[in-house]
Amino acid sequence: MSINVPETTEFTGLSPEALLERVLGACLGMMDVAAIYIGDRLGFYQALARNDSLTPSELADRTNTNERYTREWLEQQAVSGLLEVENPGESPEERRFRLPRGHAEVLTDRDSLWYSVGLIRGLIGSSLALPSLLEAFRSGGGIPYFDYGADIREGIADGNRPMFLNLLGAEWFPAITDVHERLSADPPARIADVACGSGWSSVALARAYPRVHIDAFDLDQASVAAAIRNVAAEGLADRITIHREDAADPSLAGVYDLVTIFEALHDMPRPVEALRAMRRLLAAGGSVIVADEHVSETFTAPAGDVERLMYGFSILHCLPVGMADQPSAGTGTVMRPETLDRYARDAGFTDVRVLPIEHDFWRFYRLSG
Ligand SMILES: C[S@@+](CC[C@H](N)C(=O)[O-])C[C@H]1O[C@@H](n2cnc3c(N)ncnc32)[C@H](O)[C@@H]1O
């Protein structure tokens with residue numbers, strides 16, 4: 001197909017050459033994402049991290065993969081700067097490849113705040129739905145969360161886990177002084193963790209506050225199963241109970257000192273109903289803490305990396321998930337503070353604040369009243 005640009009049209013923005021350069025950079029980025037996905041899923045990075053250096057056949061033996069494919073991947077990783085080659089002048093079969101220590105942290109250390117593979121898997125998982133997504137754009141329908149499959153679910157879990165385990169109890173909650181004091185005190189506080197996913201926020205809360213009891217809720221069966229496994233493996237099943245329940249279910253009622261919802265409100269088709277249900281869960285004086293994306297307060301274009309990342313996930317995943325169940329508010333990943341404020345007040349909260357907790361990706365809100 002060729003497009004005739006009217007002669008009177010003036011070019012604005014980038015020159016064709018500069019834009020093509022940018023698009024090529026994006027293509028290389030997408031190839032990095034796919035190649036990192038391969039390296040993680042096949043255990044290549046893990047094997048390289050356990051050894052000083054490996055030849056293609058040594059890596060293939062250790063990972064039960066084909067030598068020819070493995071060699072091509074190693075060379076692709078080396079030319080892309082993710083691996084180093086000890087002896088580039090040797091024959092292809094004898095070359096030894098090494099994963100630098102700092103790279104190993106980003107690519108293999110699930111506990112590190114620098115771990116990136118959750119994001120990679122989330123992006124691959126989002127992209128797998130592209131054929132259904134085109135249909136959703138045309139029809140106005142959506143794509144149910146579980147249709148995206150394991151990469152999204154496990155990618156979100158692995159992406160958020162290091163933040164929960166490293167920051168929640170050490171920085172985020174101690175910064176909310178009265179909540180921190182209540183969770184540390186007797187009688188033991190009760191927490192409802194709504195849309196808990198694979199349960200890592202609940203684990204982090206239970207680790208940080210050894211007295212608290214937590215009921216954690218999620219709708220997605222596979223997430224609930226993973227949360228039950230994770231909580232049991234952490235030895236916390238006596239203090240965390242996982243429920244497969246809709247946060248917007250009007251029959252949910254309880255007496256919780258705190259209700260939390262991490263990175264999930266914008267995915268919900270009816271966020272006001274969900275917040276109303278959370279408000280009902282609260283004991284007198286309790287509050288809801290919402291952690292959601294740290295997007296700009298107003299629309300600006302072009303914008304920075306965080307905004308681009310959030311809009312990217314919005315079109316690929318969060319908006320279609322929210323649109324899967326109609327009627328839908330159609331929020332998408334880019335839920336601005338003004339939108340949250342409106343949802344919270346419509347749900348009956350009278351006090352809505354942004355908390356002074358600094359994070360590149362998340363903004364924290366406290367809803368009460
Ligand atoms: C982006 S994930 C976040 C999971 C987890 N909070 C985290 O931070 O890792 C969104 C989660 O919201 C859950 N969810 C969406 N709507 C829900 C609802 N109405 N009730 C309970 N969970 C819901 C999904 O099943 C999914 O696990």
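Trainee: What makes the pair of Asp158 and Arg110 a salt bridge?

Mentor: Keep in mind that this is a predicted model. The closest N and O atoms of Asp158 and Arg110 are 3.2 Å apart, and the cut-off asks for a side-chain nitrogen of Lys or Arg within 4 Å of a carboxyl oxygen of Asp or Glu, so the pair qualifies as a salt bridge. Asp158 lies in helix 8 (residues 150–172), while Arg110 lies in the loop between helix 5 (101–108) and helix 6 (117–127), so the pair ties together parts that are 48 residues apart in sequence. Side chains of opposite charge can pair when their charged atoms come close.

Trainee: How many salt bridges does a search of the whole structure find, and which residues are linked in a network of them?

Mentor: The search of the whole structure finds 23 salt bridges, and Arg121, Asp151, Arg153 and Glu154 are linked in a network of such bridges.

Trainee: How do you know that Arg207 and Glu234 form a salt bridge?

Mentor: Their closest N and O atoms are 2.7 Å apart, and the cut-off is within 4 Å, so this pair also meets the criterion. The pair links distant parts of the chain, with Arg207 in helix 10 (residues 200–208) and Glu234 in the loop between helix 11 (221–233) and strand 5, 27 residues apart. Arg207 has a relative accessible area of 45% and Glu234 one of 28%, and since buried would need under 20% and exposed over 50%, both residues count as partly exposed because of these values.

Trainee: What makes Asp215 and Arg190 a salt bridge, and where do these residues lie?

Mentor: The closest N and O atoms are 3.3 Å apart, and the cut-off is within 4 Å, so the label applies. Asp215 lies in strand 4 and Arg190 in strand 3, so the pair ties together parts that are 25 residues apart in sequence. Asp215 has 12% relative accessibility and counts as buried, whereas Arg190, at 38%, counts as partly exposed.

Trainee: How do you know that strand 3 and strand 4 are paired?

Mentor: Strand 3 (residues 190–194) and strand 4 (residues 213–218) share five bridges in the parallel sense, and at least two are needed for pairing, so the two strands are paired. Along strand 4, His213 is the bridge partner of Arg190, Asp215 stands opposite Ala192, and Phe217 is the bridge partner of Val194.

Trainee: Why is strand 3 called largely enclosed, and why strand 4?

Mentor: Strand 3 is largely enclosed by the rest of the structure because four of its five residues are buried, and strand 4 because five of its six residues are buried.

Trainee: Which strands stand at the edges of the sheet, and what makes them edges?

Mentor: The open sheet has seven strands in the order 5-4-3-6-7-9-8, with mixed pairing. Strand 5 (240–244) and strand 8 (351–354) stand at the edges because each has a single partner strand, so one side of each is left without a neighbour in the sheet. From one strand to the next the twist averages 20°.

Trainee: Which strands does helix 9 touch as it packs on the sheet?

Mentor: Helix 9 (residues 177–184) touches strand 3, strand 6 (256–262), strand 7 (282–293) and strand 9 (362–368), and its direction makes about 120° with that of strand 6. Helix 12 (residues 271–281) also packs on the sheet, with a direction at about 145° to that of strand 7.

Methods: Residues numbered from 1 in each chain as written. Predicted model: local features only at pLDDT ≥ 70, side-chain atom pairs only at ≥ 80, totals over all residues. Heavy atoms only, no water. Axes fitted to C-alpha atoms, helices over the stretch in contact; angles between N-to-C directions. Contact = heavy atoms within 4.5 Å. Buried < 20%, exposed > 50% of the residue type's maximum accessible area, 1.4 Å probe, protein only.
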